[in-house]
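Let's walk through this model together, starting with confidence and then moving from the core to the strands and the aromatic rings.

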Amino acid sequence: MHVVQSGDTLLGIALKYGVGMTIIQKANTIEDPESIKEGQQLVIPIGPTTTPPAGPLPTPTGPPKYTAPLLLSPLNAATFEGNDEPILLQWASVSLLRQNEHYLVRLEQLNSGTPPTTFLTRATGWHINVDLFPKPGDTRRAFAWQVRVVRETGTHADGTPILSDAGPTSETRIFSWLIANPTSTPTPGPTQ
C-alpha cells in the first residue's frame, strides 16, 4: 500500500516501487493519472521475484524531472490598462523539452467564480487573448498566473491528452487588468 503524499504523481510512485504505471492504474481502477489525491491509498502490485541474470544490468533512466519555470514578465503586481493589445506572459526555459512535453500555463481571474484558463505550449511565452478582458462593470480585475512542465502519458477516450507533472509549478504572479482611463482633450480657449 502507498498513501499519496502532497506532490506525488502516479509516474513518480511507479518509479519509486519499480512497477509500471499502467499496472498501478489497473490495480486501482484509475483512468486519469492526474486524478490521484493526497491521502488516497493505492495498492502497489509486487510480483514474484526472479533470480537476476549474471552480469551487470543496464540502469533504466526515467524521463527528467524539471525545475519550476522562472517567471520573467510581467512582474508581480503589474498593472495593465485597456484591451487594445494582448498581455504577454513570459518565462525562462527549463531545458529542451521532449516531444511529449509542454508548458502548461494557468491563468485565473481572481474571485470571479469562473474556471481558470489553461493553455499548452512549447514556447516560453503566451499572449493573453483580449477576449479574457473583464467586462466593463466587472470589478474583479486581478489575475493570477503560473506555469509548469507537463508530460503526455496517454490519451483519454475523448481524444484529449492525459497529462502528468514533469516538475514543480512556478511561483504565482498577480497582475491587474484595468479599464483604460480616457484622456481628456483640452478645450480651446477664447481667442482675441
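What is the mean pLDDT of the chain, and what share of its residues reach 70 or more? This is a predicted model, and its mean pLDDT is 84, with 85% of the residues at 70 or more. Confidence is lowest in helix α1 (residues 10-17), where the mean is 83, and highest in strand β3 (residues 71-73), at 94.

Now to the core. The largest nonpolar core holds 21 residues, and the members that touch the most others are Leu 89, Trp 91, Ile 128, Trp 145 and Phe 175. Two or more residues come from each of β5 (87-91), β6 (101-109), β8 (125-128), β9 (142-155) and β11 (173-178). Of these, β9 gives the largest share, four residues. In general, nonpolar side chains in soluble globular proteins tend to be buried together. Take Trp 145 as a place to look around: leaving aside residues up to four places away in sequence, its contacts include Leu 71, Pro 74, Leu 89, Trp 91, Leu 107 and Phe 175. Apart from this core lies another one, of 12 residues, among them Val 4, Ala 14, Met 21 and Ile 30.

Next, follow β6. Seven of its nine residues are buried, so this strand is mostly covered. β6 runs antiparallel to β9, joined to it by nine bridges, and Gln 109 has Phe 143 of β9 as its bridge partner. β6 is also antiparallel to strand β7 (residues 117-121), with five bridges between them; here Val 105 stands opposite Phe 119.

How many aromatic pairs does a search of the whole structure find? There are six. One of them is the edge-to-face pair of Phe 80 and Phe 175, with 5.7 Å from centre to centre and 90° between the planes. This pair links distant parts of the chain, since Phe 80 is in strand β4 (residues 78-81) and Phe 175 in strand β11, 95 residues apart. Phe 80 counts as partly exposed because its relative accessibility is 26%, whereas Phe 175, at 1%, counts as buried. Why is the pair of Trp 91 and Tyr 103 edge-to-face? Their ring centres are 5.6 Å apart and their planes stand at 65°, so the pair falls in that class, for which the angle must be over 60 degrees. Trp 91 and Tyr 103 are both buried.

Ring pairs also join Phe 80, Phe 133, Phe 143, Phe 175 and Trp 177 into a cluster. Over the ring of Phe 133 sits the charged end of Arg 141, 5.0 Å from the ring centre.

Definitions and conventions. Residues numbered from 1 in each chain as written. Predicted model: local features only at pLDDT ≥ 70, side-chain atom pairs only at ≥ 80, totals over all residues. Heavy atoms only, no water. pLDDT = per-residue confidence, 0-100. Core = buried A, V, L, I, M, F, W, Y, C linked by side-chain atoms within 4.5 Å. Buried < 20%, exposed > 50% of the residue type's maximum accessible area, 1.4 Å probe, protein only. Contact = heavy atoms within 4.5 Å. Pairing = 2+ DSSP bridges. Phe/Tyr/Trp six-rings, centres within 6.5 Å; stacked < 30°, edge-to-face > 60°. Lys NZ or Arg CZ within 6 Å of the ring centre and 35° of its normal.
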